Amino acid sequence: MILYFSATGNSKYCAEKIASKIGSELFSINDMMKKGITALDVKGSSRLGFVCPTYDLDMAYAVAEFLENITIKNVPDNCYVFAVFTCGKSCGTTEKTMRSILSEKGIKLNAAFKVEMPDNYIPMFPLASKEEQTAMLEQADLCLDNVIKSIKAGENAAVTTKQMPSPMKLIIKKFVIPSQRKATKNFRITEDCIGCGLCERVCPKNLIRLQDGKPVWIKDDCACCLGCIHRCPKQAIQYGKKTEKTGRYTNPNVEL
């Protein structure tokens with residue numbers, strides 16, 4: 001059993017590839033969040049995996065919140081529990097956060113891995129070129145092959161990555177993330193919007209509603225996933241001013 005969260009396809013691609021090689025069932029955290037699912041029965045599963053992205057050098061807050069609140073039942077004593085974190089360069093303290101959340105539920109994380117993939121946080125960083133994206137995705141595939149071998153072998157593993165300084169983590173936790181969650185006012189649409197409703201359908205927090213055929217962000221609790229921006233077929237959604245000058249990204253090897 002593998003649970004994954006993905007807005008633009010990187011983590012979904014990883015989850016699907018792993019699942020196809022180890023024979024695991026897939027569950028979308030995005031869908032579970034939208035439907036308000038709060039319990040998961042793991043009975044009979046020999047493996048339990050989590051695949052999710054890194055935001056602000058930690059686990060995406062919406063994923064952490066979901067995992068903290070969900071009840072995970074009937075985890076077998078011999079169940080191999082693993083996590084795979086996608087990131088642009090470093091997954092920071094994502095592993096530490098995952099271990100802490102699972103430990104509170106009496107679940108031991110046996111292994112954690114990271115897979116570097118194209119970064120999509122365009123309000124702050126420019127997208128890599130198409131050539132750079134292709135090279136990163138090819139390297140990610142090689143990394144995934146090794147991850148899958150480790151999972152099949154039931155190896156214990158930890159991510160080797162530079163941890164962020166404590167003051168930086170405190171700043172991000174107290175100021176950056178709360179600001180991002182409440183920054184739905186920064187979203188706006190252009191005249192290119194065709195009212196297709198895709199943004200409403202993909203928002204994991206159910207924050208978007210079509211009003212008079214146009215999307216409106218109805219509350220401040222953003223998952224900061226940017227799925228609405230990157231998957232808009234007309235690039236009609238902007239966030240601040242920087243996204244006007246950037247392209248959009250979705251993983252080309254997965255169907256969204």
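Modeller: A definition is needed before the cavities: a cavity is a set of grid points where a 1.4 Å probe fits but cannot get out. Please also keep in mind that this is a predicted model.

Biologist: How many cavities of 30 Å³ or more does a search of the whole structure find?
Modeller: The search finds four cavities of 30 Å³ or more.

Biologist: What volume has the largest cavity, and which residues are closest to its centre?
Modeller: The volume of the largest cavity is about 110 Å³. Its lining comprises 17 residues, and those closest to the centre are Cys 193, Cys 196, Cys 199, Cys 232 and Ile 237.

Biologist: Which elements give two or more residues to that lining?
Modeller: Those elements are helix H7 (198–202) and helix H8 (227–231). By class, the lining of the largest cavity holds 12 nonpolar, two polar and three charged residues.

Biologist: And the second largest cavity, what lies nearest its centre?
Modeller: Cys 203, Pro 204, Cys 222, Cys 225 and Cys 228 lie nearest the centre, out of 13 lining residues. The space in the second largest cavity is about 90 Å³. Its lining divides into 11 nonpolar, one polar and one charged residues.

Biologist: Turning to pockets, how much space lies in the largest one?
Modeller: The largest pocket holds about 670 Å³ of space. It is lined by 33 residues, with Thr 54, Tyr 55, Gly 88, Asp 119 and Tyr 121 closest to its centre.

Biologist: Which element gives the most to the lining of the largest pocket?
Modeller: Strand E4 does, with three residues. H1, strand E4 (47–55), strand E7 (80–87) and helix H6 (166–181) each contribute at least two residues. The lining of the largest pocket has 19 nonpolar, 11 polar and three charged residues.

Biologist: H1 brings me to the helix pairing. At what angle do H1 and H5 pack?
Modeller: Helix H1 (residues 10–22) and helix H5 (residues 130–153) pack at about 40 degrees, and their axes are 10 Å apart. The two helices are therefore oblique to each other.

Biologist: Is the crossing left-handed or right-handed, and which residues meet?
Modeller: H1 passes H5 in a right-handed crossing. From H1, the residues in contact are Asn 10, Tyr 13, Cys 14, Lys 17, Ile 18, Lys 21 and Ile 22. From H5, they are Leu 137, Asp 141, Leu 144, Asp 145, Ile 148, Ile 151 and Lys 152. The contact of H1 with H5 has eight nonpolar, one polar and five charged residues.

Technical notes: Residues numbered from 1 in each chain as written. Predicted model: local features only at pLDDT ≥ 70, side-chain atom pairs only at ≥ 80, totals over all residues. Heavy atoms only, no water. Axes fitted to C-alpha atoms, helices over the stretch in contact; angles between N-to-C directions. Helix = DSSP H or I, 4+ residues; strand = E, 2+ residues; numbered from the N terminus. Parallel < 35°, antiparallel > 145°, perpendicular 65-115°, else oblique. Left-handed = near helix turned anticlockwise from the far one by under 90°. Contact = heavy atoms within 4.5 Å. Nonpolar A, V, L, I, M, F, W, Y, C, P; charged D, E, K, R; others polar. 1 Å grid on protein atoms, 1.4 Å probe; cavity = no way out; pocket = protein on both sides within 12 Å on 5 of 7 lines; lining within 4 Å. Points joined across faces, edges and corners; volume = space filled by probe spheres on them.
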